[in-house]
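Thanks for passing this one along.

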Amino acid sequence: MSRIELKGINKYFDKNHILKDLNLVIEDGDFMTLLGPSGCGKTTTLRVITGLENPEQGIITINDKEMVHGENHFYAAPSKRGLNLVFQSYALWPHMTVYENVAFGLNMQRVSKTKTRERVENALERMRILPYKDRYPSELSGGQQQRVAIARAIVTEPKILLLDEPLSNLDAKLRLDMRAELKRLHRELKTTIIYVTHDQVEALTMSTKIAVFFEGNLVQVGSPKEIYHCPSDIRVADFIGNPKINFVDADAAAYSDSLRVESAIGTLAIPNRQPFNGKAVLSIYPEDIRISTERTETGIPCIVDSVLPAGSETLIQMSAEGNISLLAKMIGEIDLEIGKPVWIAFPLEKVNVYDKETGKLVARSLSS
Ligand SMILES: Nc1ncnc2c1ncn2[C@@H]1O[C@H](COP(=O)(O)OP(=O)(O)OP(=O)(O)O)[C@@H](O)[C@H]1O
């Protein structure tokens, strides 16, 4: 079993409050991604778990064993926590070859020479760096060094693996391969993984759970599906969309069993709601907007501002009445004339409604 629990963690650097009352459970076998913009506290969370930083307040348990008790100034040494960490800066041993770097952990565990060779070569093969096994780290590119660091971490088949932006130095194609490889490793080895990234696509593709951070606050924890379709906070919705999600200002009023939302793109009745009246913001993903060049009865009139072809898809920037800017994403190459009218529609169940003041989700059509 490999379960990690953080309770009421607070971490300061001088007077700066970096982690704010953090509560998070990483269950056995989770692929938990810590996601958020630069400086939000992801790496600090990882460092606090490993023991490279000590929080002033809070408790951390690993497999129900207390490793940190901030108020009691108790901090178990990093080596006693049974964790395996790969940093963005890979910290390979410069005087050892790739093979020796990766074999080091197995040698420490006194694994036989034959078994070691088999396992090291398998890890290098998985990371597509077997041909470089006799090179020294200084003879490798940044991306190759990063893959050696991952191979070194996985070769011992650790129960818990912590990865801090491990794919940041790879080109787009290799990053895609490595994502698939890490996902496969997670499935095969059943390792509990904590993964830090600011790349929402990476988080959505690999994780079983995502924890989204803003300014040292954990804002939402959920499955990739939940985080994508039902962001609990407008900042999460803004961060997760790629291309950017559409926001439209609205006025909301609660009726008997629905929320009536009036905006420049029409009046909507959203069935699942909390009691809410006031200024609101609607969110709609670009891929949920449908465009018609023919006037339709219920379609919302827009003018095409720009058409951005991107190979397999096309982004279309439009404006609706009231100077509302909207972005739509369509599959394939779409030919639309700039300045011409179009009529848009979107499924009601894809719309989320946020309280404009607090940024919190107040209504969604899609039932959970
Ligand atoms: N050793 C330190 N001393 C002082 N401030 C620090 C230290 N380490 C981190 N910080 C500050 O703590 C905040 C959180 O940093 P952290 O590295 O955890 O962010 P992050 O979310 O991992 O960002 P990134 O994606 O850029 O790596 C930042 O404002 C950073 O400047």
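1. The expected span of a helix is taken as 1.5 Å times one less than its number of residues; helices (H or I, at least four residues) and strands (E, at least two) are DSSP runs, numbered from the N terminus. This is a predicted model, in which local features need pLDDT of at least 70, side-chain atom pairs count only at pLDDT 80 or more, and totals for chains, interfaces and linings use all residues. Residues are numbered from 1 along each chain as its sequence is written.

2. Helix α3 (residues 113–126) has 14 residues and spans 20 Å from its first C-alpha to its last, close to the 20 Å expected. Thr116, Val120, Ala123 and Leu124 of α3 are buried (20 or more other C-beta atoms within 10 Å of the residue's own, placed from the backbone). They cover an arc of only 95° around the axis (from the directions of axis to C-beta atoms), which puts them on the same side of α3.

3. On the other side of α3, Thr114, Lys115 and Glu118 are exposed (12 or fewer such atoms). The buried residues of α3 pack against α2 (98–108) and α4 (142–154), with contact meaning C-beta atoms within 7 Å. Just after α3, arginine 128 has a positive phi of about 60°.

4. Now the sheet: five strands form an open sheet in the order β2-β1-β4-β5-β6, with antiparallel pairing (at least two DSSP bridges between two strands). β2 (16–26) and β6 (74–75) are at the edges with a single partner strand each, so one side of each lacks a neighbour in the sheet.

5. Strand β1 (residues 4–13) pairs with β2 over seven bridges in the antiparallel sense; leucine 6 has leucine 24 in β2 as its bridge partner.

Notes:
Two residues are in contact if their C-beta atoms, placed from the backbone, lie within 7 Å.
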